[in-house]
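The structure is shown first, and the description follows it.

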Amino acid sequence: MNFFADPRWGEALGHLPDYLGSHVRVSVTALALGLFVSLPLAILSRHRPVLRGALLGLASIVQTVPGLALLALFYPLLLALAALSLSWFGFSFSAFGFLPAVLALALYSMLPVLRNTITGLQGVDAAILEAAQGVGMTPRQSLFTVELPLALPVMMAGIRTAAVWVIGTATLSTPIGQTSLGNYIFAGLQTQNWVFVLFGCLAAAVLALLVDQLLALIESGLRNRSRLRAGLGGVGIAALVVATLAPAVVRPQTSYIIGAKTFTEQYVLSALMTQRLKAAGLSATTREGLGSNVIFEALAAGDIDVYVDYSGTLWANQFHRTDIRPRQELVAELKTMLAKQNITLLGELGFENAYALVIPKKRAEQLGIRTVADLAARAANMSIAGDYEFFSRPEWAALRRVYGLSFRTQRQMQPDFMYAAVASGEVDVIAGYTSDGLIAKYDLMVLDDVRRAIPPYDAIMLLAPKSADDEQLRKALTPLVGKIDIATMREANLRAAGNDAASSPDAVAQWLWEKVGKK
Amino acid sequence: MPSTPLIAYAHVGKTFDGGRVVAVDDVSLDVAEGEFLAVVGGSGSGKTTLLRLANRLIEADAGSITVEGEEVRSVDPILLRRRIGYVFQSGGLFPHLTVAGNIGITPKLLGTPPAEISARVDELLDLVRLDRAQYRGRLPHELSGGERQRVGVARALAAKPRIVLMDEPFGALDPLTRDALGEDFRELHKTLGLTTVMITHDMTEAILLADRIAVMRGGKLLAQGTPAELSDSDDAYVGELLRTPRRQAERLGALLPRDGAA
C-alpha cells in the first residue's frame, strides 16, 4: 500500500488547525514574553558585571533543566499560587495548559537572548563607544544609535535560536494540558501511530524553519535599512499569529473537555466518551496526553470536565492509603472521599486495569512460577522493566515489602515496548497492565498477587465539581457504566495498538460502542 | 598673544586606579583663541588624558579647566562635547553609518533639520576635498585610511565648533597622505579661525603644523613655546625630542640638492 495513501494523513491534517494554532500561540507568546524580559535585563546589565554574571548563571541553570521537567514543575507552582491568590485576593486562575507552558517556555528562551545581547553589546569596539561620547551622544543615544545597531546581528542570532528552541520545546507542553503539535507525537507514540509521530515532527520542524526565516528577513531588513524586508518579515509573523487565532475565535466556548492520560486505553476511552457526548448533541473536545498527577488536579480545578481514572491509583497516589480493600468496598469509600472534594464518581466501566507482574507463559511453565510469591524466590537473578512511574509508585513499594522482591536490575521503558521486550527475553519480568491486549498477543501470563499487595484498579469515570449537577453530561455517559468487561477492553487495546487506520482511537472507540452499546 | 585664552588649564591633576597612576600632575596651560597648539610626548606622558579633560571625556581630580571662559565642571558635558570638535586616532567612524551619516551626526543630535544637515555635509565634503557624489553614501570600510581621517575631520567640524581637539589624528597614515592631510588641516584651521589642540608623539609634525608646542612627560608639563623658544630650553628631554628633527633636517639638506643647484 502506498505510504501516503494512508487515511491517517488525512486525519492528522484535520487536527492541524487546532494543534498548530495552539502551538503558534503558546510559542509566540512565550517568545514575546521572553524577549520583553530578557532584552531590558541584558541592556541593564551591560555595565554591571555582578548582575550580568548572576543573570547568565541563572539562565544557564534553567537551560540544564530538561524541557519536560521544567514544564511539569510550573504546574504545581502555579497551582499553589492560584490557591494563594484565591485566599488572599478572592480570585483564582487556571494553572493548567497555557499559563504554565508560556512561563516555562519564556524562561527557556532567555539564555540565548541574554547571552547574545550581552555578547553583542560587549563586542562593540571601545573606540567606537568613545567616539559616540565624543560627538556628544547621551548614554541613551549611544545605546540606540550605535551600540544596539552594531550588536544587532549577534542579538538576532540569539533571538532566532530562542525561537527555534521554544517551538521545538513547546511540543512537550502537551502533558501539562497545553494543546500543541506535541499532541501528534505523544498520541502517536502511545498508539504506535507512526504517521502521527512523523506528522507532528514535520509540522514542528516546518514551523520552526518558517519562523527562523521570517526573523532572518527582519534581521537583514534592519541591517540593510530596508523597510521592505523588515516589514515583510513583520507582516509574515503577524499573519501567522492572526491565522492561528482565527480558529480559536470560531470554536464554541461551551464545549465539554474530556481528559486522557498518556496511554492507549485512555485515548480510546476519551474518544468513546467524546462520541457519546456528540451522539447526545453536545459539543466535546479532548485534552490528551496529560500527566497522571496533572489530570486529577485539572479535573478538581474544572479545567477538564470528565476523565477515566483507576480506583487503586487514586487510593494510593491521591489519598496515600496503603491498606488494601476488596474491589467494591474500595470504590465505595473512594466515592465518599472524592465527594468531599465535590468530585463525582459517576460509576465503574466494568473492567480493571491493574498493575501486574507479567512473564511469558512458556517461561513460567519451565520455571514452575504461577504467583508473585513463586517469582520472589528467583527474582535475585532476574531483571524487571516498568513504565516511567511504576518504580516510584506505592504499588512497587508494597510488592517489595509484602513479597521481599528484589531484582538484579530494573529498567524504565515506554509501556508499549515492554511487552515485546519480555516476550523476546530482553527482560525477564515486566510490570504490565491487566487490560493490555498485548498480554494475549505475546502469549504472556499475569502472575497471581496471592497476598494482595496491589489494590484493585477499577476504571471509573470522574466528573469535575462544576459538572456535578450536569444532567445532560450524566445522561450521555451513564450508558457506559458497567458495560466494558476485561476481555472486551483487552481486545480494544490490542486493536488500538495496531499500526493502521483501523487502529486509530476513534475507530476503536466506534468498534467498542458497537460491541457494548447494544447490551 | 594678548587675547584671553580660549582653553585654560590651571593646576590640573588626574590620577587613575585610586591614585596609583598619576596621569596629569599639576599642569597649567593656556591656549589662545586662533592658536594651533601641539602637545608632544611619549606614550604614558598624559597627553591624551590632558586633551580629554577639556571636553570632559575624563573628569579632572584637581585644579580648574575653563573653555570659552566657562569652568567646564559647571557645563553639561553632553552640550560641551557638541560644541567642541573632536578627531579620533583612527577616525572613530561609526561603521554602520554612511559617510554622510557620520558627518551629520552632531548636527542631528542638536536637532538640525535634515535638509540643512544634508547641505552642511556637502559643504564639509568640499572642505576636506572629498567628492560629494562619490563619497556621501559610502560606508567607512569602503574608504582608505586617509579618506577615513578626512571624514573624521569633517565630522568634527560639522557643528561649526570654535575649538577642535585632535588625538594623534595623522599617526596611522603613510607619510605622503599624512603630509597632505596636515597641510590641508592647517589651511582649514586658518580659514575657519579655529582654535586647535593636537596630540602627537612626532616632534617633526608638531614643528611643521603648530604655532606653539607643549612637551609632556610623566604627567608633567616640561616646556611650552614656539619651536624657536623650545630650542632654547635647557631641559634634557626637550633637547632630545628636538634632536631628531634637527638631524633629519641636516641630512635632508645635505642629501637633497636645492632646486636648480644641480
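This is a predicted model: local features need pLDDT of at least 70, side-chain atom pairs count only at pLDDT 80 or more; totals for chains, interfaces and linings use all residues.

## H1(A) against H8(A)

H1(A) crosses helix H8 (residues 194–223) of chain A at roughly 40 degrees, and the two axes come within 10 Å. At that angle H1(A) is oblique to H8(A), and the crossing is right-handed.

On the H1(A) side the contact is made by Arg8(A), Trp9(A), Ala12(A), Leu16(A), Leu20(A), His23(A) and Val24(A), while H8(A) brings Val195(A), Phe196(A), Phe199(A), Ala203(A) and Leu207(A).

## H3(A) against H4(A)

Helix H3 (residues 67–89) and helix H4 (residues 98–122), both of chain A, pack with their axes 9 Å apart and at an angle of about 130 degrees. H3(A) and H4(A) are therefore oblique to each other, and H3(A) passes H4(A) in a right-handed crossing.

From H3(A), the residues in contact are Gly67(A), Leu70(A), Leu71(A), Phe74(A), Tyr75(A) and Leu78(A), and they meet Leu99(A), Pro100(A), Ala101(A), Leu103(A), Ala104(A), Leu107(A) and Tyr108(A) of H4(A). The contact of H3(A) with H4(A) holds twelve nonpolar residues, one polar residue and no charged ones.

## H10(A) against H21(A)

Further along chain A, helix H10 (residues 264–279) and helix H21 (residues 505–516) have axes that come within 8 Å and cross at roughly 65 degrees. These two helices, H10(A) and H21(A), are therefore roughly perpendicular to each other, with H10(A) passing H21(A) in a right-handed crossing.

H10(A) contributes Tyr267(A), Val268(A), Ala271(A), Leu272(A) and Gln275(A), whereas the partners from H21(A) are Pro505(A), Asp506(A), Val508(A), Ala509(A), Gln510(A), Leu512(A) and Trp513(A). Nine of the residues in the contact of H10(A) with H21(A) are nonpolar, two are polar and one is charged.

## Where chain A meets chain B

The contact between the chains takes 14 residues from chain A and 13 residues from chain B. On the side of chain A that touches chain B, the elements giving two or more residues are helix H5 (126–134) and helix H6 (139–169) of chain A, and H5(A) gives the most, with six residues.

In its composition, the side of chain A that touches chain B has eight nonpolar residues, five polar residues and one charged residue.

Note on methods
Residues are numbered from 1 along each chain as its sequence is written. Chains are lettered from A and ligands numbered from 1 in the order in which they are written. Axes are lines fitted to C-alpha atoms, for helices over the stretch in contact, and angles run from 0 to 180 degrees between N-to-C directions. Helices (H or I, at least four residues) and strands (E, at least two) are DSSP runs, numbered from the N terminus. Angles under 35 degrees count as roughly parallel, over 145 as roughly antiparallel, 65 to 115 as roughly perpendicular and the rest as oblique. A crossing is left-handed if the near helix is turned anticlockwise from the far one by less than a right angle, and right-handed if clockwise. Two residues are in contact if their C-beta atoms, placed from the backbone, lie within 7 Å. Ala, Val, Leu, Ile, Met, Phe, Trp, Tyr, Cys and Pro count as nonpolar, Asp, Glu, Lys and Arg as charged, and the others, Gly among them, as polar.
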